[in-house]
Amino acid sequence: MDLPADVCWRRVTDWDRHGDRVPFTRVFVAEGSGRECGDVIVARTGIGALGFDDAMEIAELRAPEQVAGDDESGFCRLVKRGRVVRGWAELSVVPVRGASLTEVRWEEEIRVVGVPRFADPLVGAVGRVVFGRALEHLLRGVPR
């Protein structure tokens, strides 16, 4: 991204906006501020009473302003603790030296309870599309 790391960081950790491009999903901070280890973020997917929660606990968080020295990178590891979705997600921003660019990564390893392993390639393909759209939206920084 042609943006500073701290701007990318603020955008990718704007939890409430994560569901903007994910169909039938609302994301919100359920416990804490969403800025500390132990805080819980929930992605509620569904229509009306039908749906499920993807509860994620912040297991590790290093915001760019918390890192000592010249390193302006940021990192967040979320552990998925829901009944339907398990696994982890990692978000990171790393400034590219010698340029005004930032490398932004969103990596996930998930298991959807009840979905057989032979469907993993399909789950992965859908995840890349959905999370890719969400990340592009977050980084554009367009308000709701």
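## Cysteines without partners

A disulfide is a pair of cysteine sulfur atoms within 2.5 Å. With that cut-off in hand, let's look at this predicted model, which holds zero disulfides. Take Cys8: its sulfur is 15 Å from the closest cysteine sulfur, that of Cys76, so the gap is too far for a bond. Cys76 is in no disulfide either, and the nearest cysteine sulfur to its own belongs to Cys37, 7.9 Å away.

Are Cys8 and Cys76 buried or exposed? Cys8 is buried, with a relative accessible area of 0%. Cys76 also counts as buried, because its relative accessibility is 0%.

## Strand E4 and its neighbours

Strand E4 covers residues 74–81 and is mostly covered, with six of its eight residues buried. Which strands pair with E4? One is strand E3 (residues 50–62), which joins E4 in the antiparallel sense over six bridges. In this pairing, Glu57 stands opposite Val79 in E4.

The other pairing to mention is with strand E5 (residues 85–96), again in the antiparallel sense, over eight bridges. Here Arg81 stands opposite Arg86 in E5. Between E4 and E5 there are three residues, and the two strands form a hairpin.

## The nonpolar core

In soluble globular proteins, nonpolar side chains tend to be buried together. In this model, the largest nonpolar core has 26 residues. Those with the most contacts inside the core are Trp15, Ile41, Ile58, Cys76, Leu78, Val93 and Val104. So Cys76, in no disulfide and buried at 0% relative accessibility, comes back here as one of the residues with the most contacts in the core.

Which elements give two or more residues to this core? They are helix H1 (5–12), the strands E2, E3, E4, E5 and E6, and helix H2. H1 gives the most, with five residues.

## The largest pocket

Now for the open space. The largest pocket has a volume of about 610 Å³. It is lined by 29 residues, and the closest to its centre are Val22, Thr45, Asp54, Val130 and Phe131. Two or more lining residues come from each of strand E1 (25–31), strand E2 (40–47), E3, E4, E5, strand E6 (101–112) and helix H2 (120–140).

H2 supplies the largest share of this lining, six residues. By residue class, the lining of the largest pocket divides into 21 nonpolar, five polar and three charged residues.

## The second largest pocket

What is the volume of the second largest pocket? It is about 270 Å³. Its lining has 15 residues, of which Glu108, Ile110, Val123, Gly124 and Gly127 lie nearest the centre. The elements that give two or more residues to this lining are E6 and H2.

The lining of the second largest pocket divides into six nonpolar, three polar and six charged residues. For the largest pocket, the corresponding counts are 21, five and three.

## An exposed loop residue

To finish, here is a residue at the surface end of the scale. Ala49 lies in the loop between E2 and E3. This residue counts as exposed because its relative accessibility is 77%. Ala49 and Val7 are 42 residues apart in sequence, and their C-alpha atoms are 36 Å apart in space.

Technical notes: Residues numbered from 1 in each chain as written. Predicted model: local features only at pLDDT ≥ 70, side-chain atom pairs only at ≥ 80, totals over all residues. Heavy atoms only, no water. Buried < 20%, exposed > 50% of the residue type's maximum accessible area, 1.4 Å probe, protein only. Helix = DSSP H or I, 4+ residues; strand = E, 2+ residues; numbered from the N terminus. Pairing = 2+ DSSP bridges. 1 Å grid on protein atoms, 1.4 Å probe; cavity = no way out; pocket = protein on both sides within 12 Å on 5 of 7 lines; lining within 4 Å. Points joined across faces, edges and corners; volume = space filled by probe spheres on them. Nonpolar A, V, L, I, M, F, W, Y, C, P; charged D, E, K, R; others polar. Core = buried A, V, L, I, M, F, W, Y, C linked by side-chain atoms within 4.5 Å.
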